[in-house]
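Take a first look at the fold before reading on. The paragraphs below go from one side chain to the whole chain and back to its details.

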Amino acid sequence: MRLILLGPPGAGKGTQAKMLKEKFQIPQISTGDILRQAVKDNTELGAKAKTVMDAGQLVPDNIVIGLIKERIRQGDCKTGFILDGFPRNITQAKKLSETLQDMNLAIDNVIDLEVDEGEVVERLTGRSTCPECGAMFHQVSRPPKVNEVCDSCGGKLEQRPDDNKETIEKRLKVYSESTAPLKEFYSKQESLRTVEAKGTVEEIFSRVCLMIE
Ligand code: AMP
């Protein structure tokens, strides 16, 4: 199964992608995670991406398209994958379609996680992630048992540098200008399913599964 998760920053794409990965045993491909790792590892790619990411803007298309082309050709993607954070604009979506066509593959479902802007800002400013195992927390809706410590592996929780109010506003603007038009792009191909991303993560997950099963 090949899935795309759409939705604004903070809609819960990462959380749902992790749950889908477990259920269907297919990899989660998050361009944001790949880029953050490159920044941490101080690679050439990381150096190029950092300033753009800190500013809440999109990393150039040729870079992310290159990353995705390489990643979806890897062996673990044979049975499918979940794209989380890619595509982010029409150019990326067209390139993805072309690449999949060349491989004789297609996307089965595009799930759009729908949530309103006020809720997104609240979710993003309170969230923290474990750099060791990727578990996600929120100071109000899912606080860790011990402050700043991961419940699952004991790692020290981190806040993303771009999860501050000013950058969040920029990321939301980029979303509405560049990424939201993908809803129309995919609804024309009849592969778009909209899911209300409200309630607990489990409730949202049930809705997502209903759409794809
Ligand atoms: P995310 O973790 O998906 O919220 O992505 C964090 C940041 O990484 C974004 O604000 C962008 O700067 C960059 N990024 C992630 N995915 C893409 C993409 N598909 N195209 C361009 N930039 C991206």
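Which side chain does the side chain of glutamine 92 join through a polar contact? The partner is aspartate 61, at 2.9 Å. A polar contact here is a pair of N or O atoms within 3.5 Å; within protein, one must be able to donate a hydrogen and the other to accept it, and residues adjacent in sequence count only if both atoms are side-chain atoms.

Two notes on reading the model come next. This is a predicted model, in which local features need pLDDT of at least 70 and side-chain atom pairs count only at pLDDT 80 or more, while totals for chains, interfaces and linings use all residues. Residues are numbered from 1 along each chain as its sequence is written, and side-chain values use heavy atoms, with hydrogens and water left out.

Back to glutamine 92. Its place is in helix 5. Helices (H or I, at least four residues) and strands (E, at least two) are DSSP runs, numbered from the N terminus. Glutamine 92 counts as buried because its relative accessibility is 2%. The cut-offs are under 20% relative accessible area for buried, over 50% for exposed, and partly exposed in between (1.4 Å probe, protein chains only). Leaving aside neighbours within four places in sequence, glutamine 92 is in contact with Asp61, Val64, Ile65, Phe86 and Pro87. Contact means heavy atoms within 4.5 Å. Val64 is 28 residues away in sequence, but the C-alpha atoms of this pair are 8.2 Å apart.

The peptide bond joining phenylalanine 86 and proline 87 is cis, with omega about 0°. Proline 87 sits in the loop between strand 3 and helix 5. Most residues other than glycine have a negative phi, and most peptide bonds are trans.

Asparagine 42 has a positive phi of about 55°. It lies in the loop between helix 2 and helix 3. Asparagine 104 has a phi near 60°, and its loop runs between helix 5 and strand 4 (109-114). Asparagine 42 is exposed, with a relative accessible area of 70%. Asparagine 104 is exposed too, at 73%.

Now step back to the whole. The protein chain has nine helices and seven strands. Its radius of gyration is 16 Å, close to the 17 Å that the globule rule gives for 213 residues, so the chain is as compact as a globular protein of that length. That radius is taken over C-alpha atoms, and the rule is 2.2 Å times the number of residues to the power 0.38. The C-alpha trace spans about 50 × 40 × 35 Å along its principal axes. Buried residues make up 45% of the 213. Among contacts between residues at least 6 apart in sequence, 69% join residues at least 24 apart.

What lies inside? The largest nonpolar core has 27 residues, and those with the most contacts inside it are Ile4, Val59, Phe81, Leu83, Leu96 and Tyr186. Such a core is a set of buried Ala, Val, Leu, Ile, Met, Phe, Trp, Tyr and Cys residues joined through side-chain atoms within 4.5 Å. The elements that give two or more residues to this core include strand 1 (2-6), strand 3 (81-84) and helix 8 (181-188). Helix 4 gives the most, with six residues. A second, separate core of 21 residues includes Val120, Leu124, Leu172 and Ala197.

Valine 59 is found in the loop between helix 3 and helix 4. It is buried, at 8% relative accessible area. Beyond neighbours within four places in sequence, valine 59 is in contact with Leu35, Ala49, Val52, Met53 and Val64.
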